[in-house]
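I opened this model to look up its aromatic rings and the charges around them. Here are my notes, in the order I made them.

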Amino acid sequence: PVLLGCGSAQPGGCPALCECSEPAKTVKCVNRNLTAVPPDLPPYVRSLFITGNPLTDLPAGAFAAQRLPDLASLNLSGNHLRTVEAGSLALPALRQLDLSGNALVSFSPQAFGEGGSPLEELALRGALRNHSVLLSLAALLQSGALRNLSRLELADNGLVLLPAGMFSALPALRQLDLSNNSLVGLRNVSFQGLGQLQSLNLSDNSLSVLWNSTLAQFRSLPALRHIVLGHNTWVCDCAIEDLVSWLKESDQVEGKEALTCASPDKMLGKALLKINGSDLNCSPSIDLPSQLQTSYVFLGIVLALIGAIFLLVLYLNRKGIKKWMHNIRDACRDHMEGYHYRYEINADPRLTNLSSNSDV
């Protein structure tokens, strides 16, 4: 039974390799060397723990939905799961799912079935190291299949950037944990539509600045009152002015007094709340494209003015110019006639001796 991953049922309907409590509606299959989900789980189960097993795949129908109508909490953390196939989590009463600590490679966007899921809490701590899995999860979230989701945990995944619009179809989301990743920016992340969001954890990332577009989104979320930004690599140059201003006026950030600069060296360790304009020594920003455009317009005006003046001078001196042109024409004509005369002398053999004899 250990090799097959599921044993024969004990009296009372509990799989041989699991521990069951009917009064608590709980089944625990912890560190039992299971390679598949036991097919004979008792129908009364509401909380199921299958953790610490060499379980690698969740095929379609891994949990018999007809036999598990009340299964609300499913913990599959700490296994060796790599594949979550379509329909494998289509459970009618599922509210909590924990897939943390698995090395997922494939996560089907149809894992919860075609009709959506009542899922409210999803934990994926340390389970999204593969980039393709992150894209699959984004597709799942954007499909609207998890519109009831209120808590999403994506910590410890080494995430650098998040797919655009990843959270756009989660209107009930209240808690979002993105801590302990490697996020370098949030410019492509939209928090619009998350009107119920109350808590956002961005601590222990690689954020160097939060741009005004992101700060504006934070201001627009009425329920957002707990933002955690600690242990990020804030770069205290001119670009951080908007963030500093927002921190000073906002009551959304927890522990904002402890936020400090990571660079440059002269600002290392300085509290963000104590930064002022003289510390940053920022000169007014120069909009180079606009400046170049203004220069081109001015140059065009100057050239047009010079051209107009030149044409005006030509018009006023048209008689003198005409006379000058005639003089040049006459001079050129006389010069050409001299050349022609010399050519005729040189070309006539009868005049050759005359032209060469200086006494004639």
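This is a predicted model: local features need pLDDT of at least 70, side-chain atom pairs count only at pLDDT 80 or more; totals for chains, interfaces and linings use all residues.

I began with charges over rings, and I found the charged end of K28 over the ring of F49, 5.7 Å from its centre. I counted a charge as over a ring if NZ of Lys or CZ of Arg is within 6 Å of the ring centre and within 35 degrees of the ring normal. R187 has its charged end over the ring of W211, 4.7 Å from the centre.

Residues are numbered from 1 along each chain as its sequence is written, and side-chain values use heavy atoms, without hydrogens and water.

I checked confidence next: the protein chain has a mean pLDDT of 88, and 90% of its residues reach 70 or more.

Then I asked how many aromatic pairs there are. I got two, taking rings of Phe, Tyr and Trp (its six-membered ring) as paired if their centres lie within 6.5 Å, with planes under 30 degrees apart stacked, over 60 edge-to-face and the rest tilted. F191 and F218 are tilted, because their planes stand at 55 degrees, with centres 5.5 Å apart. F218 and W246 are tilted too, at 5.8 Å centre to centre and 40 degrees between the planes.

Last, I looked up burial (buried is under 20% relative accessible area, exposed over 50%, partly exposed in between, with a 1.4 Å probe and protein chains only). F218 is buried at 0%, and W246 is buried at 1%.

Notes: pLDDT is the predictor's confidence in each residue, from 0 to 100.
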